[in-house]
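I opened the file to look up how the chain is put together. These are my notes, in the order I made them.

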Amino acid sequence: MSQEIIHVYLMPGMAASPLIFENIKLPKPQFKIHYLEWMLPKENELLSDYAFRMSKKIEHSNPVLLGVSFGGILVQEMCKYLDVSKLIIVSSVKSKQELPLKMQLAKSTGAYKLVPTQLASKIEVFEKYAFGKTMAKRLELYKKYLSVNDSKYLSWAIKEVLCWEQQNPPKGIVHIHGDKDPVFPIKYITDCTIIKGGTHIAIINKYKWFNENLPKIILD
């Protein structure tokens, strides 16, 4: 009897492309990876409606959904329209209580509306004036992994993260988080599997951990 294939759908973080998963490998033929990509939101589209549209891209029954950062929030919303065998989030949050205080403050004050998201399309300008190896390296990462620089998308995405109202995590969710994540600090995160030394881009620079541990996490 042939082994049933487990279909794993990967959702990248805010504005990122599936390239962030380029080093993620799962054993064949037991697992088959599918990459999801961001769509541009409709005018004033609710995250729930966006998640419904994205759920239509899932072509297999009882898949595994894995989302990174804002993609982790999105897959939680998608699961309201799908039956999944496993829901995994990485470098993300399970409820609005896990958002850091500075993000909660940005929501309550409306400061997020002042973020100049139109500058995201001007990476070449920043690159021209980049000083030091650290900044230059960071810009190279942005150029490689960011696929969406539409200012309307970015404004929408920032708002949807900060204004996410989920109180209780989905049942059975698996949360993987780095203990050095500066975006969603570990001190605000509960009930997670910790990656030692993992930052917000652990999916990129800790890929060996994922390749070793994801199969057993999925099958558990």
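Before I looked at pairing I wrote down the rule: two strands pair if DSSP finds at least two bridges between them. Helices (H or I, at least four residues) and strands (E, at least two) are DSSP runs, numbered from the N terminus.

Sources. The model is predicted, so I noted that local features need pLDDT of at least 70 and side-chain atom pairs count only at pLDDT 80 or more, while totals for chains, interfaces and linings use all residues. Residues are numbered from 1 along each chain as its sequence is written, and side-chain values use heavy atoms, with hydrogens and water left out.

Entry 1, overview. I found eight helices and six strands in the protein chain. Buried residues (under 20% relative accessible area with a 1.4 Å probe, protein chains only; exposed is over 50%, partly exposed in between) make up 46% of the 220 residues.

Entry 2, strand 4. I looked up its neighbours. Strand 3 (residues 64-68) runs parallel to strand 4 and is joined to it by five bridges. On the other pairing, strand 4 and strand 5 (residues 174-178) are also parallel, over three bridges. I followed Ile89: its bridge partner is Gly67 in one case and His175 of strand 5 in the other. Are the residues of strand 4 buried or exposed? Five of its five residues are buried. Lys86, Ile88 and Val90 point one way, and Leu87 and Ile89 the other.

Strand 3, helix 2 and strand 4 form a right-handed β-α-β unit. Right-handed means that, with the strands pointing away from the viewer, the path from the first strand over the helix to the second runs clockwise.

A nonpolar core is a set of buried Ala, Val, Leu, Ile, Met, Phe, Trp, Tyr and Cys residues joined through side-chain atoms within 4.5 Å. The largest has 37 residues, and Met78 is one of those that touch the most other members. Helix 6 gives this core its largest share, seven residues. I then listed what Met78 touches (heavy atoms within 4.5 Å): leaving out residues up to four places away in sequence, I found Leu36, Ala51, Met54, Ser55, Ile58 and Leu65. A second, separate core has 25 residues, including Ile20 and Phe31.

Asn213 and Pro215 are both among the buried residues of helix 8.
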